[in-house]
Amino acid sequence: MTRAIVLYHSLFGNTRAVAEFLAKGLERAGIEVDCLSIDDVDINQISNYDFLAIGGPTHILRMSKPMQEFLEKLESIDLRGLRGFAFDTRNESRMNKKSLLGLENSAARRIEGKMKRMKVRIIRPRRSAIVEGREGPLDEDVQSVFAKIGNEIGKAIV
Ligand SMILES: Cc1cc2nc3c(=O)[nH]c(=O)nc-3n(C[C@H](O)[C@H](O)[C@H](O)COP(=O)(O)O)c2cc1C
């Protein structure tokens, strides 16, 4: 059976909810999924999965500090060729729209960049879920959008 792991960091629960929507979509495609906080995962187990998704909140235009520290630890593990996807939560703010290079400022962009440097094969472009303010709630469409993404990824990796 194809196995996926969805890892998240979340201060207020919004990114955890997005991770769970994604996991549900994967499960509906027949994938066996573990959905875990970065605090609870044994990084030595990650290479046993067929697919890895990582998501976190956008903090000061970048990924959160705990996510940055987690990804630094992850660099010690050989993840070459593992299929992956990055996501985040953030506000719908003008500040996020464009960096100097014309790219959006989001945790997902940084996470995806790190995953690529670890030679994880990104199989779907990063995606942001929009929250209101710091604590949420999430935009109404987030549940259906991420369940659909999970389902589509699931169908592609079986
Ligand atoms: C310290 C801090 C800095 C933040 N900086 C940004 C930011 O630069 N851009 C943005 O869109 N949202 C920013 N936010 C809002 C977060 O993205 C939002 O709190 C998060 O997506 C909620 O997810 P969570 O419930 O999983 O923690 C910030 C929030 C905090 C607490």
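**Note on the predicted protein–ligand model**

1. In the protein chain, 40% of the 158 residues are buried, a residue being buried if 20 or more other C-beta atoms, placed from the backbone, lie within 10 Å of its own. The model is predicted, with local features needing pLDDT of at least 70 and side-chain atom pairs counting only at pLDDT 80 or more, whereas totals for chains, interfaces and linings use all residues. Residues are numbered from 1 along each chain as its sequence is written.

2. The protein chain holds 5 helices and 7 strands, which are DSSP runs (H or I of at least four residues for helices, E of at least two for strands) numbered from the N terminus. Along the sequence they follow the pattern β-α-β-β-β-α-β-α-α-β-β-α. The protein chain is as compact as a globular protein of its length, because its radius of gyration of 14 Å is close to the 15 Å that the globule rule gives for 158 residues; the radius is taken over C-alpha atoms, and the rule is 2.2 Å times the number of residues to the power 0.38.

3. Of the contacts between residues at least 6 apart in sequence, 78% join residues at least 24 apart, where a contact requires C-beta atoms, placed from the backbone, within 7 Å.

4. Around the ligand there are 19 residues, of which Ser10, Phe12, Asn14, Thr15 and Thr89 come nearest; a residue is near if its C-beta atom, placed from the backbone, lies within 6 Å of the molecule. Helix H1 (14–28), strand S3 (51–59) and strand S5 (83–90) each supply at least two residues of this shell, and S3 gives the most, with 3 residues.

Technical notes. Buried ≥ 20, exposed ≤ 12 C-beta atoms within 10 Å, placed from the backbone. Contact = placed C-beta atoms within 7 Å.
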